[in-house]
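Open the model in your viewer and keep the sequence panel beside it. The stops below say what to select next and what is there.

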Amino acid sequence: MSWDWTAIPAALGVGTEPIVRRVTTVGELRDVLNDAAAQRDRMVVIEAVVPRMDVPPLLTQLATAASAANKS
């Protein structure tokens, strides 16, 4: 199942037009962050798409520790 993260504001009934973007490049992310910084009165949802196994080491360690804790 694939989640449509960009639909969250509509599901929550956000009244003010939110900034909702799906980004796949650093340039797109930079642009939407600049847009968000300029419009602080709006909800911002950014779906950042990264390669499947592009995970920071700390997040991997946290997931491993959580998995081990859940087994016991």
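**Stop one: helix α3**

Select α3, residues 57–71. This helix has 15 residues and reaches 21 Å from its first C-alpha to its last, close to the 21 Å expected at 1.5 Å a residue; the expected span is 1.5 Å times one less than the number of residues. Helices (H or I, at least four residues) and strands (E, at least two) are DSSP runs, numbered from the N terminus. This is a predicted model, in which local features need pLDDT of at least 70 and side-chain atom pairs count only at pLDDT 80 or more, while totals for chains, interfaces and linings use all residues. Residues are numbered from 1 along each chain as its sequence is written, and side-chain values use heavy atoms, with hydrogens and water left out.

How many of the 15 residues of α3 are buried? The number is zero, so α3 lies largely in the open. Here buried means under 20% relative accessible area, exposed means over 50%, and partly exposed is in between (1.4 Å probe, protein chains only).

**Stop two: a nonpolar patch**

Now select Val55, Leu59 and Leu62, which make a nonpolar surface patch of about 270 Å². Patches are made of residues with over 30% relative accessible area and no salt bridge; like charges are joined within 9 Å, and nonpolar side chains (Val, Leu, Ile, Met, Phe, Trp, Tyr) within 5 Å. The areas come from the Shrake-Rupley method with a 1.4 Å probe, and for residues only the protein chains shown count as cover. Val55 sits in the loop between β2 and α3, and is partly exposed at a relative accessible area of 37%.

Select β1 (residues 19–23) and β2 (44–48). The two run parallel and are joined by five bridges; strands pair if DSSP finds at least two bridges between them. Ile19 stands opposite Val44 in β2.

On β2, Val45 and Glu47 form the covered face, and Val44, Ile46 and Ala48 the uncovered one. In a regular strand the side chains alternate between the two faces of the sheet.

**Stop four: the helix between them**

In α2, pick Val32, which is buried at 3% relative accessibility. The C-alpha atoms of Val32 and Ile46 are separated by 7.9 Å, with the two residues 14 apart along the chain.

**Stop five: a salt bridge**

Which residue forms a salt bridge with Arg22? Glu47 does, and the closest N and O atoms are 3.6 Å apart. The pair links distant parts of the chain, with Arg22 in β1 and Glu47 in β2, 25 residues apart. A salt bridge is a side-chain nitrogen of Lys or Arg within 4 Å of a carboxyl oxygen of Asp or Glu, and by this rule the count comes to one. Arg22 is exposed at 52%, whereas Glu47 is buried at 16%.

Finish at Val14, in the loop between α1 (8–12) and β1. Val14 counts as partly exposed, at 30% relative accessibility.
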